[in-house]
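Have the structure open as you read.

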Amino acid sequence: MIAVAFKLLCYDKAKFVAMIMAIALAAFLMQNQGSMLKAFLGMSGSQIRDVREVDFWVMEPDTECFDQAKPLPDKALQMIRGIEGVAWAVPILKLDTNGRTDHGKLRTLSILGVDPSNRIGEPKMEKGQVEGINERNVAVVDPGGWAILFPGIAFEPGRTIRVHDQWLTICGISSASPPFTGLPIVHTSIFTARELNRGESRSSTFVAGKCADGRKVQEVLERINRLTPWQALSRQDFMDQSYRFYEGQGVPMIFNITIMIGLLVGTAFTAQTFLMFVKDNSRSLITMKVMGVTHKQLAVMMAVQAAYLTFLGLAIGTTIATLTSEFVRQIPFLRGLYTPVPVVLLCAAFMAGIAFLSAFIGFRRVLAMQPSDVFRS
Amino acid sequence: MISAVTCHQVRKTFGSGDTVIEVLRGVEFSAHLGEMTFLVGPSGCGKTTLISVIAGLLNASAGEVSLFGIHLPELGSREQILFRRKNLGFVFQQYNLIPALTAAENAAMPLLAAGESLKSAVNKSKVVLERLGMGHRADQLPRTLSGGQQQRVALARALVHEPRLIICDEPTAALDHESGETVMQLLSSSAVHPDRAVVVVTHDNRVFHYANRIAHMNDGVITHVEEKRHKPHLS
Ligand SMILES: Nc1ncnc2c1ncn2[C@@H]1O[C@H](COP(=O)(O)OP(=O)(O)O)[C@@H](O)[C@H]1O
Ligand SMILES: [Mg+2]
């Protein structure tokens with residue numbers, strides 16, 4: 001009877017295609033918007049995630065996310081280095097400022113200054129050598145950042161950006177993760193960054209560090225929080241806090257509305273078409289009941305139909321969503337977009353829910369069909 | 001003569017209160033193995049209702065119906081379905097073929113319902129279609145077949161699982177005379193069998209000569225039963 005279920009389902013091609021398309025559309029909307037939400041919010045922790053060597057970050061107490069950088073007083077570094085259980089700590093200076101490329105483009109940059117003496121916070125490189133930034137006024141930039149600064153121009157070392165009255169020379173392309181802000185991520189030595197941070201006497205934004213072997217991170221964090229006026233967070237907590245910050249800014253709302261629409265339209269359309277399918281096939285279904293096809297068999301048949309529709313609709317929807325992500329991420333500003341696996345799985349669960357709900361509603365109609373109607377025309 | 005179907009004082013009412021109508025008013029009816037029994041009468045006299053009750057698709061309001069000595073209402077609903085699947089074959093006025101399935105797949109439906117694989121069920125149904133002169137159309141969809149051909153596929157479906165009772169409701173009413181003749185001929189030559197009873201509802205008096213017995217119905221009761229001269233197909 002499973003084979004019969006497939007034949008019934010595929011016979012009316014228009015309805016079959018309509019049902020698949022309804023599921024595909026809903027899946028596409030959910031995955032597209034869900035991916036944007038998840039990927040963009042996920043990017044709020046990109047620059048924290050990129051510094052793999054550290055256990056914790058220390059910052060101004062009111063800092064809510066990575067992009068809200070407010071510098072720490074200079075004594076912070078020494079104090080944190082002196083806390084028991086801290087193996088080492090390094091300064092990181094973050095500043096957002098404007099620059100003009102030698103190409104004539106005016107752009108806002110996200111500059112990260114790292115300490116050349118210990119190399120913590122240096123990015124991994126795609127092109128060129130990261131050691132270049134040890135020189136004064138030399139920088140590396142992420143690939144999307146390059147495309148924003150020098151659109152249409154292949155990377156060539158030696159291009160410059162004027163920031164205030166200094167010229168930054170770009171010596172390489174890093175593989176820094178795309179930031180939430182979409183801005184070019186420019187790594188320099190902390191000395192260069194300090195010179196560019198006009199009007200600010202404080203010399204670092206964050207102190208990042210590692211705990212001594214055998215020390216519990218939470219204990220060390222508690223000690224820093226107790227003995228200093230600053231806020232210490234584990235690497236993961238800082239990422240989570242940045243994520244929640246943007247979540248709290250209403251970012252999900254924009255996407256959730258579209259996700260809800262996708263869900264509602266998908267459910268309504270799929271259920272509607274499935275009911276129409278049951279209605280169109282009522283004579284066949286009643287005849288099968290009279291021939292001794294049990295309700296259990298019919299339930300299995302309809303479940304198989306629902307599963308098949310889900311599979312096809314989801315495959316199409318996922319393919320389109322993934323291709324769309326690929327297409328959108330070609331825009332440098334949106335370079336962080338991708339389709340996260342959890343989004344696909346969640347969407348699959350929803351779509352299966354929709355299809356099985358539709359099949360269930362249809363099945364109740366089938367249950368209600370009177371076998372004696374088989375003789376009526 | 002062995003009774004396949006016996007109805008005793010069968011009543012059936014529809015509706016309730018003021019709108020209640022009694023469609024069957026104490027039916028006495030029987031159909032025997034090896035025979036083709038016709039149920040004839042004017043439109044609206046209750047023929048379809050009676051065979052629905054016999055087939056267990058409707059429950060009688062009163063009276064007794066037994067099939068091969070079994071009272072269907074006494075079985076559980078699942079047992080009733082399984083009993084019907086095994087013992088009954090149906091032919092309908094409107095053929096009731098499933099448009100999405102080929103002739104052979106349609107004819108195989110009772111076997112598929114019983115859990116047989118598509119391949120083996122279709123192989124068996126093709127043998128029956130062959131016998132009914134439909135072998136060459138076995139792989140075609142119903143919409144490509146004429147009415148007479150569709151009814152022959154339906155007949156194959158009623159025969160494929162070798163049921164003990166075949167119930168036909170107006171099998172020739174939608175067909176022209178020639179196709180109707182063919183269907184009736186095939187019905188009497190392949191369906192009638194010593195271990196099987198065939199009940200045919202019709203008001204097409206041109207095919208009455210195929211009957212072994214004719215039960216005349218009017219206004220919810222069997223008025224008289226006519227025994228035909230020619231012998232039932234008993235071996
Ligand atoms: N489910 C039902 N509800 C109410 N009346 C019905 C129902 N089924 C049949 N009837 C009535 O019962 C009478 C007999 O119907 P039916 O058995 O179909 O007659 P026949 O097959 O002899 O033409 C008709 O008047 C019909 O309107
Ligand atoms: Mg009738």
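## A salt bridge between the chains

This is a predicted model. How many salt bridges does the rule find across the interface of chain A and chain B? The count is 1.

Polar contacts join the chains too: 9 residue pairs are counted between chain A and chain B. On the side of chain A that touches chain B, helix H1 (2–11) and helix H10 (282–290) of chain A each give two or more residues. H10(A) gives the most, with 6 residues. By type, that side of chain A divides into 12 nonpolar, 7 polar and 4 charged residues.

## The interface as a whole

The contact draws 23 residues from chain A and 31 residues from chain B. Together the two chains bury about 2,400 Å², and 69% of that is on carbon and sulfur atoms. Three residues, Tyr11(A), Met291(A) and Phe375(A), supply 32% of the area that chain A buries against chain B, more than any other three.

## The ligand between the chains

Now turn to ligand 1, which lies between chains A and B. The residues around ligand 1 include Arg376(A), Phe14(B) and Lys47(B). H1(B) gives the most to this shell, with 3 residues.

Which atoms come close to the oxygen atoms of ligand 1? A side-chain N or O atom of Thr49(B) is 2.6 Å from one, and a backbone N or O atom of Gly44(B) lies 2.7 Å from one. For Cys45(B), a backbone N or O atom lies 3.3 Å from an oxygen atom of the ligand. The protein covers 63% of the 570 Å² of accessible area that ligand 1 has on its own.

Definitions and conventions. Residues are numbered from 1 along each chain as its sequence is written. Chains are lettered from A and ligands numbered from 1 in the order in which they are written. This is a predicted model: local features need pLDDT of at least 70, side-chain atom pairs count only at pLDDT 80 or more; totals for chains, interfaces and linings use all residues. Side-chain values use heavy atoms; hydrogens and water are left out. A residue is near a molecule or strand if one of its heavy atoms lies within 4 Å of it. A polar contact is a pair of N or O atoms within 3.5 Å; within protein, one must be able to donate a hydrogen and the other to accept it, and residues adjacent in sequence count only if both atoms are side-chain atoms. Accessible areas come from the Shrake-Rupley method with a 1.4 Å probe; for residues, only the protein chains shown count as cover. Helices (H or I, at least four residues) and strands (E, at least two) are DSSP runs, numbered from the N terminus. Contact means heavy atoms within 4.5 Å. Buried area is the accessible area (1.4 Å probe) that two parts lose on being put together, summed over both. A salt bridge is a side-chain nitrogen of Lys or Arg within 4 Å of a carboxyl oxygen of Asp or Glu. Ala, Val, Leu, Ile, Met, Phe, Trp, Tyr, Cys and Pro count as nonpolar, Asp, Glu, Lys and Arg as charged, and the others, Gly among them, as polar.
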